[in-house]
Amino acid sequence: MSGTLLALVQPLSAHPQCLDFKPPFKPSWHLEFCTQYEQFGCCDQKTDNTIAERYWDIIDQLETAGHELCEDMLKEIMCQECSPYAAHLYDAEDPYTPVRELPGLCFAYCTDFHAKCRHVVKYLTENQRLQDTSERDTSTFCSLVDLSDRDYCYPNVLKSPDLNSNLGQVAEDPRGCLQVCLTEVANNLRNPVLMLHSGDGTHRMFIAEQVGFVWVHLPDGSRLEQPFLDMSGEVITTPWLGDERGFLGMAFHPKYRDNGRFFIYYSIQVNTELEKVRVSEMKVSAHDMNMADPYSERAILEIVEPAANHNGGQLLFGLDGFLYIFTGDGGKAGDPFGKNGNAQNKTALLGKVLRIDVDGRDSSGKQYRIPPDNPFLRDPEARPEVYAYGVRNMWRCSVDRGDPVSRYGRGRIFCGDVGQNRYEEIDIIVKGGNYGWRAKEGFECYDIKLCQDPSMNDTLPIFAYSHHVGKSVTGGYVYRGCESPNLNGLYIFGDFMSGRIMALEEDKSSGNWKERRVCMGETKTCSFPGLINHHHKFIISFAEDEAGELYFLATSYPSTSSPYGTVFKFMDPSRRAPPGKCKQKPLPVKVRGKKFPFAPRELTLLDTNEKPTRPPPRKFKLTPKPTVTRSNVTPTTTAAAAEATTSAAVKPRWKSLDKKARQRNKLKLWKKKKALNKQPAKAQTKKSIMRQKTKGQSKKTAAMTTVRDRVNPTTNRTAKAVLKSNALKKYNSLKHSTIHMRTVPPRNAAQTPVGQKKNSIKLKESAKQHQSFMNKTKTNLNMRTNRTMQNKLQE
């Protein structure tokens, strides 16, 4: 059966599968009960155990009633909650309609089930119509539990090759486009250029706007009122559409948790004319972990920009601990600076990938050191900071975390390099690599003369696409998260102008990368709570959180004054990780100011207030048979009480999980107890229990007195006298408290001044009236006791 389930034949569109309205998964551990779905389904170990518990409760009930157990068919039907097609079997694909209480059974299977096991139906559902028809008519009953789509009824759903092909694999539409869904995680941002985490275990996200503000977003989605950093007074930018200047990059030191250091990259203007890009070091405030120290800035590198565009802007730390800086070629078109352009000129810092050591300074006064293995360290015709060259304007780069298990690919640096007229490209950065610009654009020649130079020895991109697809690449990340296992290993990126999201998949045997087109899932595919299947057109940047989950930042109007920037998170609708596997435990964040809760703006396919489809009702759960011990049976038990006890032992009670049902059951039990209390024998039993309690309390008092007497021998009395005295006191106090039980309110009851006044009046009764009342009560009690003893003697 599991082999049929996992057969891979042809692509299939994804859709909601499980009863919690999420995609299925492979459990972390094997299932003990519904073992046929342990490779792929909708149950983890906890749910599997719950189903098993319900199953054995029903078996116990069937044994008690003397019915045929029907173990196999009962188990098959109950385990359909674990099927990867549970949503189909229970009609749970539409969250606005009630879910079935029995899975959809194919007519032939249902007929067999009805013939052998119709007495089981009343234990599986409370639906009166199903129960009534199960007792009478096979045809009517099976028509009720059948599905209109016969391909999805059980067991036909296991046999359809169309349904079981690529089950759980990342979904593709008929054009071969990978279907993904999104969730909205932040909004109201002005051209959000980056989002990154600090790697300190808090799982905070820092979102930077192009105008120079960096905001802190907490794991619960809320945003802090005060920005982490405000560089808006230093940054040069304008509200013009497409202005590339501004706050462009940021990176936290690998040891940020210990040293609080981070680095920023932004555009500045000097003397109202000269424009530069500046890389600075800053530190977090010593008094607030959510604010930078505004006076801690230390500029470590400044580069003159000859034009307003192609400013680069990426900062990141490699696994080697060094800071990588990605600069643009200086702007304009075709890199017209110098004989071969800035990008091919190794003496210029523009159009390069720079690598520096920020944990020290050199003897020449620079605010950094040159790593000893930089490729051009000893080249007199190159700047020692240069790590790679031939770059036009790399916009957004990332470090691959590597496969979670094998660590394959760990440390690779991926970049998207924006093209000129025809092609956009994706590169993997290598030490000393020449990425071809301006000789080449993508795989094609741009400058024919330079392109034909045999000494070029350029490093080719891993992928390039034409301007028919998009005109400005936005580099992304290799997905290494936990929540969407199907996406693992895919390099996901996008295009700023066309708004397309794309993916690359590596052929590890050849080292080649092939495109996997990505598109938004269909309405049916993304109808999970909180999911959407649309996003803003202008994709500015991609991001990765501390757990490795993937995001992208987009806006509907690319202006630094336009608050339409939104952060979206990727979700795979075909398969998910087992529940609980991806839970994180962020370190606490000390918040000093106010927080703004996250308020989604995007319209989800399923209303966010709509609860996911509930699983089949589990209101009834059988309790084990009550055990009858000798201590519960007294010699004074009457025949009626014995009969009640016997019937309670033989007939198990249903224990309802429903609150109202529990209250009704408690009321019934109270009425039964009240009826039994009227029996004379019950009074005698109660009296004997009272004697036992009094005797136990007397023994405790006697023991305490004996210890006290040992300490003070002068007050020693005989044990018999002590027992008699204390027993009498306890008996009188017990009677007194019993008689006045209704006049003294409980401690936790709400008492009004009026009630207090009445109680005080009662307490102030005259001693004469009180003594009269006590004598009358004692007389009544003695008469009752004598009457009970006479009845007992007559029996």
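Close-up 1. At 12% relative accessibility, Arg-261 counts as buried, because buried means under 20% relative accessible area. Keep in mind as you look around that this is a predicted model. Asp-359 has a relative accessible area of 41%, so this residue is partly exposed. Arg-261 and Asp-359 form a salt bridge, with their closest N and O atoms 2.9 Å apart. Arg-261 sits in strand β8, while Asp-359 belongs to the loop between β13 (352-356) and β14 (386-389), so the pair ties together parts that are 98 residues apart in sequence. Now widen the view: Glu-281 and Arg-298 join Arg-261 and Asp-359 in a network of salt bridges.

**Close-up 2. Two further charged pairs.** Side chains of opposite charge can pair when their charged atoms come close. Here the side chains of Glu-506 and Arg-412 meet in a salt bridge, at 3.2 Å from N to O. Are Arg-245 and Asp-243 buried or exposed? Both are buried. The count of salt bridges for the model comes to 31.

**Close-up 3. The largest nonpolar core.** In soluble globular proteins, nonpolar side chains tend to be buried together. The largest nonpolar core in this model has 64 residues, and the members touching the most others are Phe-228, Leu-229, Phe-247, Met-250 and Phe-262. Which strand gives the most to this core? Strand β8 (residues 261-270) does, with six residues. Pick out Phe-247 and look beyond its neighbours within four places in sequence: its contacts include Val-193, Ala-208, Leu-229, Met-231, Ile-264 and Tyr-266.

Close-up 4. Helix α7 covers residues 128-136, and its buried residues are Leu-130, Gln-131, Thr-133 and Ser-134. What covers these buried residues includes α5 (107-117), α6 (121-124) and α8 (138-145). At the N-terminal end of α7, look for the cap, Asn-127. A side-chain oxygen of Asn-127 lies 2.9 Å from the backbone nitrogen of Arg-129.

Technical notes
Residues numbered from 1 in each chain as written. Predicted model: local features only at pLDDT ≥ 70, side-chain atom pairs only at ≥ 80, totals over all residues. Heavy atoms only, no water. Core = buried A, V, L, I, M, F, W, Y, C linked by side-chain atoms within 4.5 Å. Buried < 20%, exposed > 50% of the residue type's maximum accessible area, 1.4 Å probe, protein only. Helix = DSSP H or I, 4+ residues; strand = E, 2+ residues; numbered from the N terminus. Contact = heavy atoms within 4.5 Å. Polar contact = N/O pair within 3.5 Å; in protein donor to acceptor, adjacent residues only side chain to side chain. Salt bridge = Lys/Arg side-chain N within 4 Å of Asp/Glu carboxyl O.
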